Amino acid sequence: MQRFGLGQPVRRSEDPRLLTGRGRYAADVRLPGEARAVVLRSPHAHARIRAIDTTRALAMPGVLAVLTGADVAADGLGEVPCSIRVNGRDGQRMPRPGRPLLAAERVRYVGDGVALVVAETLATAVDAAERIDVDYDPLPAVATIEAAVADGAPPVWDAVPDNRAFFWQRGDGDAVAAALAGADRIVSLALANNRVVPCAMEPRAAVGAFDAATGRYTLYTSSQSPHGVKKGLSAHTLNVPEEMVHVIVGDVGGGFGTKIFHYPEEALVLWAARRIGRPVKWVGDRSEAFLADTHGRDQRNRLTAGFTADGRLLALKVESFANMGAYLNCFGPAIPTEMTGCMLSGVYALPALHAVCEGVYTNTTPVDAYRGAGRPEASYMLERLMDAAARELGLTPDAIRRLNFITPDRMPYRTVTGPVYDSGDFGRRLDAALAKADWAGAAGRKREAAARGSLRGIGLSSYVEICGFQGEDATIRFADGGIEVLVGTQSTGQGHETAYAQIVAETLGVPFDAVTVVQGDTDRIRTGLGTSGSRSLPVGGPAVKRAAEAVIARGRGFAAHLLQADAGEVRFAEGRFETAGGRGIDLMALAEAATDPANLPPGETVAVLDATARFDLEASTFPNGCHVCEVEVDPETGRVTVVRYTVVDDFGTVVNPLLLAGQVHGGIAQGIGQALMEFTAYDPDSAQLLTASFVDYALPRAADLPAFDIAFDGIPCTTNPLGIKGAGEAGTIGACPAVINAVIDALAPLGVTHIDMPATPEAVWRTIRAAKTAA
Amino acid sequence: MIAIALTVNGKPVAAEVEPRRLLVDFLRDELGLTGTHIGCDTSQCGACVVHMDGVSVKSCSLLAVQADGSQVTTIEGLASDGDLHPMQAAFREHHGLQCGFCTPGMVMSAIDLAARVPEPSPADVREWLSGNFCRCTGYHNIVQAVMAGARAMSTDG
């Protein structure tokens, strides 16, 4: 049994299905009589819609419906809302225009949905969409923060004439001003955190059905949050009671934040299904994913920090702009504000902070959570700052960090930004990572590279992040001789079916294979907050564990009754209830016996061992660690090659090291991608997305990445019952600054002290050329 | 409509298809072989890789009529009697998949590499997989899996 318990590299129960083509993703769902839908999207970043003529499309054989924003309004459907309250500079509440299911009067970014075409076949629907005549009156558009806040910029929303969507601040401006005035050294840094396209490999898809007899809607969708979608449909877009909506999520081909949210297409297919009396399927293609799925990051940050002469950080001022796109998406405004701001102390004992952030509307795809969601932005700022300060103060990157680390003896530590860290030994992680990466030998490797005409650099980042939000229910039920675990988190590739089964198998002492995890069905699972913020194992894990413990507690009563003993003397171990005298019954046999009403103990009314338990997170968790990146730069082409990558992480208790390593690998790859390759380019005049396909957007390929050398050294989290800290986002959070610090280190002999992400060959080449010209 | 006849996963298939019908759509929509995935519309991602006459091809870049008379193998055709193909088994053993969406294409592509290079180096694998995107794994474990799978295939063979 131990072979499948906590801490073991159990091979995944998901894999046989996914490896043999038996996975069931939303696009694989096929309902009898289903019609195919496509969304006609705006080719303009900003335009008034004068008229939409659907006559030619409707006249085509095989076309079942052509629906527009006017139909949406006539049927009383709602909008996809933003759930974060936002205020203006004066503290007054700002408007939060919702995202319409189909734009009726004005389109605000390239990709805004304008019409839904439903036809017998996909090909017919595509052909018909081309025959819809939309009379657009193009308007001037803004693509960037700089353009949007310029005087006289065209407003994305008339109600927000200066495009400033919100103003947010945290901290003590006076204290920071005083500390900066008294500092020996001021270090300033202006950083661009580039916009990235999440690019889950499975494009979103939605299949909707409507049962006219019951009035119930059934949606198959690709989502990280089945219950969130259900709530969105019920409360905001379809406006029907929750019990009339059933959301089913099968296998999900990656999410990374993008699939947390309720999207217009989910409501559109259900609405269309009701209107035509047949199921309707929409499968997004990659171009649509680029245009219409939420993007990530896109912040501009100006940092001003005060240090003592010997390198102690005294105060930090952060002034940020965040590009929110054309609409405030679901959690969008929370990312550059609370989610970035709460981690601006990082691993450092920061005495004073003042952070302000302005959200800005542009005629671009809405920006929301992307793996890490604010925490990578905070980490990038702090770790770039530490390297810049080290350079200016004549310290090494590791020395300035050690000087400022929050030390283990100060745990639990309340940061100036709010969170209380329960545990963490940042120096130990740094030491281990530097040793593993042979940091000391880097100088020799640089010399060797220089002899070959190559520029070699090494960089590090010490990160801490915040994980695990809110609570989760879990139910364990006995069925067909096995055990089902029902939980409202949603795997999008992390391997929850395996990890939760490990927890249950260990707690109940049953074979791993006897446990089946059920997720993604809002009829079978009453509640759920889905998977985001690395919350599934830190929150779902303890909920599952508690449900298993509740089964044991119930079982003890049943066993005592059957064995004619006192419950107090029945002990449970290795899947078996036993009396002190050695009489006993196996859990699975007891579960079977419990279904016979004759075996009900006194006072017990329910003839099953099934149990539900809830875990509410009282405190967040704080995964942390150290990344070390080593690069070589070709001075002729500007091409950066990551030659070595080392990580030592503290994730607390490890459930499955194999799955954990996979999470870190994937996170690093996304971080390297953002740092070196992933450039989301909008044309500055037309606000057309120029990188709207894999031909144009540089997603990392296998040959772009190195092997990763990672190790875990966990201090169990003191505020989590299982000691788990969460790991889904950490790789992304540590990677960007480590990579860019390494690139700057490589270019340092040329006098380079700054480069923005993505450090593409062109950007690096230009930086090298500018440095040579200056010298 | 054009009549085609081919063998898919060892079984004869005859069908009438539109000239513009892509092989991937034919496999997915008409034969119900949904293990072959569509991850892009520009022939970049490789989620749709199948074998045609033993060679890996992107089924999004072929018309169904071009497969007329050929032997097509999809991810569904690899395992036999419930036993995973050595490459499939290697992906499981080395945790070479997370969300599983790119996996069928990765496995089909990797088997073709192994047939050509029995003991590929990490660099060989990374170079060969240039036509297959993965967003979950960072490729680290995929490289391990492909090397192990290739070794297992040459031992079995």
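**Entry 1: salt bridges between the chains.** I looked up the salt bridges between chain B and chain A and found four; the term means a side-chain nitrogen of Lys or Arg within 4 Å of a carboxyl oxygen of Asp or Glu. I noted the pair B:Arg20 and A:Asp127, with N to O at 3.4 Å. This is a predicted model, in which local features need pLDDT of at least 70 and side-chain atom pairs count only at pLDDT 80 or more, while totals for chains, interfaces and linings use all residues. Residues are numbered from 1 along each chain as its sequence is written, chains are lettered from A and ligands numbered from 1 in the order in which they are written, and side-chain values use heavy atoms, with hydrogens and water left out.

**Entry 2: the interface.** I read off 44 residues of chain B and 54 residues of chain A in the contact, where contact means heavy atoms within 4.5 Å. The two chains bury about 4100 Å² between them, 55% of it from carbon and sulfur atoms; buried area is the accessible area (1.4 Å probe) that two parts lose on being put together, summed over both. B:Arg92, B:Phe133 and B:Arg135 supply 21% of what chain B buries against chain A, more than any other three residues.

Entry 3: The C-alpha trace spans about 45 × 30 × 25 Å along its principal axes. Of the 157 residues in chain B, 57% are buried, a label for under 20% relative accessible area, with over 50% called exposed and the range in between partly exposed (1.4 Å probe, protein chains only).

**Entry 4: salt bridges in chain A.** I searched the whole structure and got 60 salt bridges over all chains. A:Asp251 and A:Arg17 form one, at 2.6 Å from N to O. A:Asp251 lies in the loop between strand E11 (245–248) and helix H8 (264–276), and A:Arg17 in helix H1 (residues 15–19), so the pair ties together parts 234 residues apart in sequence. A:Asp251 is buried, at 13% relative accessibility.

I then checked A:Arg456 and A:Glu630, whose closest N and O atoms are 2.7 Å apart. A:Arg456 sits in strand E18 (residues 455–464) and A:Glu630 in strand E26 (residues 624–633), 174 residues apart. A:Glu630 is buried at 2% relative accessible area. Both belong to a network of salt bridges with shared partners, which includes A:Asp438 and A:Glu632.

Notes
Helix = DSSP H or I, 4+ residues; strand = E, 2+ residues; numbered from the N terminus.
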